[in-house]
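Open the structure in your viewer and keep the sequence panel beside it. This tour goes from one selection to the next.

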Amino acid sequence: MRTARKPLLALPEPPATEVPVPPEVPEHPAYRQILTVFTDTGRPMRAQDLCQPLDLPIVPKNTESIRFKLKCLVSTGRPH
């Protein structure tokens, strides 16, 4: 125990953990609508599946727009 005590006392104190502040959701209402749909369904969804609850026609333009918004939300750390 004596041989281990000296090296253990020389170890630095662990840094204080700070509570991370969650990133803000972008201001556009579509992002809040997407998060609401995820909250209501409680399951993973594809971009194309989100078009129907958001009252958007299922066309490539809308699907790509939703996909882009999902990527933005993921980069802020939201839906998992």
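In which loop does Asp-55 lie? Select Asp-55 and follow the chain to either side: the residue sits in the loop between helix 3 and helix 4. Keep in mind that this is a predicted model.

Is Asp-55 buried or exposed? Its relative accessible area is 69%, and because exposed means over 50%, Asp-55 counts as exposed. Now look at the backbone. Phi of Asp-55 is near 55°, a positive value, and the residue is not a glycine. Most residues other than glycine have a negative phi.

Next, select Pro-53. Pro-53 also belongs to the loop that joins helix 3 (47-51) to helix 4 (60-75). Its relative accessibility is 41%, so Pro-53 is classed as partly exposed. Show what surrounds Pro-53: apart from neighbours within four places in sequence, its contacts are Val-37 and Met-45. Then pick the C-alpha atoms of Pro-53 and Ile-34. These residues are 19 residues apart along the chain, and the two atoms are separated by 9.0 Å.

The chain has four helices and zero strands, in the order α-α-α-α from the N terminus. Of its 80 residues, 25% are buried. Among contacts with a separation of 6 or more, 42% link residues 24 or more positions apart.

Terms used:
Residues numbered from 1 in each chain as written. Predicted model: local features only at pLDDT ≥ 70, side-chain atom pairs only at ≥ 80, totals over all residues. Heavy atoms only, no water. Helix = DSSP H or I, 4+ residues; strand = E, 2+ residues; numbered from the N terminus. Buried < 20%, exposed > 50% of the residue type's maximum accessible area, 1.4 Å probe, protein only. Contact = heavy atoms within 4.5 Å.
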